[in-house]
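Below is a briefing on selected local features of one protein model. Please read it alongside the sequence and the coordinates.

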Amino acid sequence: MAQQSTMTLPQQLAKMDAGRLRGYAELLSFYQGEQWPRQIRRRERRLTFNYAKAFVEKTTSYLMSGMHSVVDPVDESPDAADTARAAERELREVAERNNLAQLDFDTEIDAATLGDGAFKVTWDALERRVRVSAPDVQGLFVWWLGDDVSRVWRVASRYHLSPEEVELSFGF
């Protein structure tokens, strides 16, 4: 039987995936133009042409232009065509309400820069609608079921809230 960890979940997260998080920091620094390998010497001037950032953003703009959802009918019947069109309308509404064009673009930049990107899709019971967000992958931690990475059994999302955000979100 596996021994239960005595560490709390926040303590576990602080020790988890150190290599992955270090890699993200290095890749993000490179993307932001910090590409020189050593400290600057006194009176030394450096010029950085950030081709990595320009290439990622230009390629992403090209790839993401004109994206839209298409739903094919399951058969040739008029009912199936109507159902497919209704599904397309619903998907278009979800995309518009969540500003998915911008969210998808930003997440694609993250994925190109860091090698990872994520979406979080939830049902907002108060507003009775689908909410889509893109959590920062630097705060996502995943537990797989054995060695099968297609079977996730737990996900933790670590993020920071200001005191005002805590009060707005939780009322205290």
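Asn99 is partly exposed, at a relative accessible area of 47%; buried stands for under 20% relative accessible area, exposed for over 50%, and partly exposed for what lies in between (1.4 Å probe, protein chains only). The model is predicted: local features need pLDDT of at least 70, side-chain atom pairs count only at pLDDT 80 or more, and totals for chains, interfaces and linings use all residues. Residues are numbered from 1 along each chain as its sequence is written, and side-chain values use heavy atoms, with hydrogens and water left out.

**Loop residues**

- Asn99 lies in the loop between helix 4 and helix 5, where helices (H or I, at least four residues) and strands (E, at least two) are DSSP runs numbered from the N terminus.
- Although Asn99 is not a glycine, its phi is positive, at about 50 degrees.
- Asn98 is also placed in the loop between helix 4 and helix 5, and with a relative accessible area of 12% Asn98 is buried.
- Leaving aside residues up to four places away in sequence, Asn98 touches Leu103, Arg129, Val130, Arg131 and Val132, contact being heavy atoms within 4.5 Å.
- Arg128 lies in the loop between strand 1 and strand 2 and has a positive phi of about 55 degrees, although it is not a glycine.
- Arg128 counts as exposed, at 63% relative accessibility.

**Helix 1**

- Pro10 is located in helix 1 (residues 9-15) and is exposed, with a relative accessible area of 58%.
- From C-alpha to C-alpha, Pro10 and Leu126 are 29 Å apart in space, and they are 116 residues apart in sequence.

**Aromatic rings and charges**

- The whole structure, when searched, gives 1 aromatic pair; rings of Phe, Tyr and Trp (its six-membered ring) pair if their centres lie within 6.5 Å, and planes under 30 degrees apart count as stacked, over 60 as edge-to-face and the rest as tilted.
- Arg20 has its charged end over the ring of Phe141, 5.3 Å from the ring centre; the criterion is NZ of Lys or CZ of Arg within 6 Å of the ring centre and within 35 degrees of the ring normal.
- Arg154 lies over the face of Trp143, at 4.0 Å from the ring centre.

**Largest pocket**

- The volume of the largest pocket is about 520 Å³.
- On a 1 Å grid over the protein atoms alone, a pocket is an open set of points where a 1.4 Å probe fits, with protein on both sides within 12 Å along at least five of seven lines, and lining residues have an atom within 4 Å of a point.
- Grid points are joined across faces, edges and corners, and a volume is the space filled by probe spheres set on the points.
- The largest pocket is lined by 17 residues, of which Lys120, Thr122, Ser133, Ser157 and Tyr159 are the closest to its centre.
- Two or more lining residues of the largest pocket come from each of strand 1 (120-124), strand 2 (129-133), strand 4 (148-157) and helix 6 (163-170).
- The lining of the largest pocket holds 8 nonpolar, 5 polar and 4 charged residues; Ala, Val, Leu, Ile, Met, Phe, Trp, Tyr, Cys and Pro count as nonpolar, Asp, Glu, Lys and Arg as charged, and the others, Gly among them, as polar.

**Second largest pocket**

- The second largest pocket holds about 450 Å³ of space.
- Met67, His68, Ser69, Ala95 and Leu100 are the closest to its centre among the 18 residues that line the second largest pocket.
- Helix 4 (78-97), helix 5 (100-114) and strand 2 each supply at least two residues of this lining, and helix 4 gives the most, with 6 residues.
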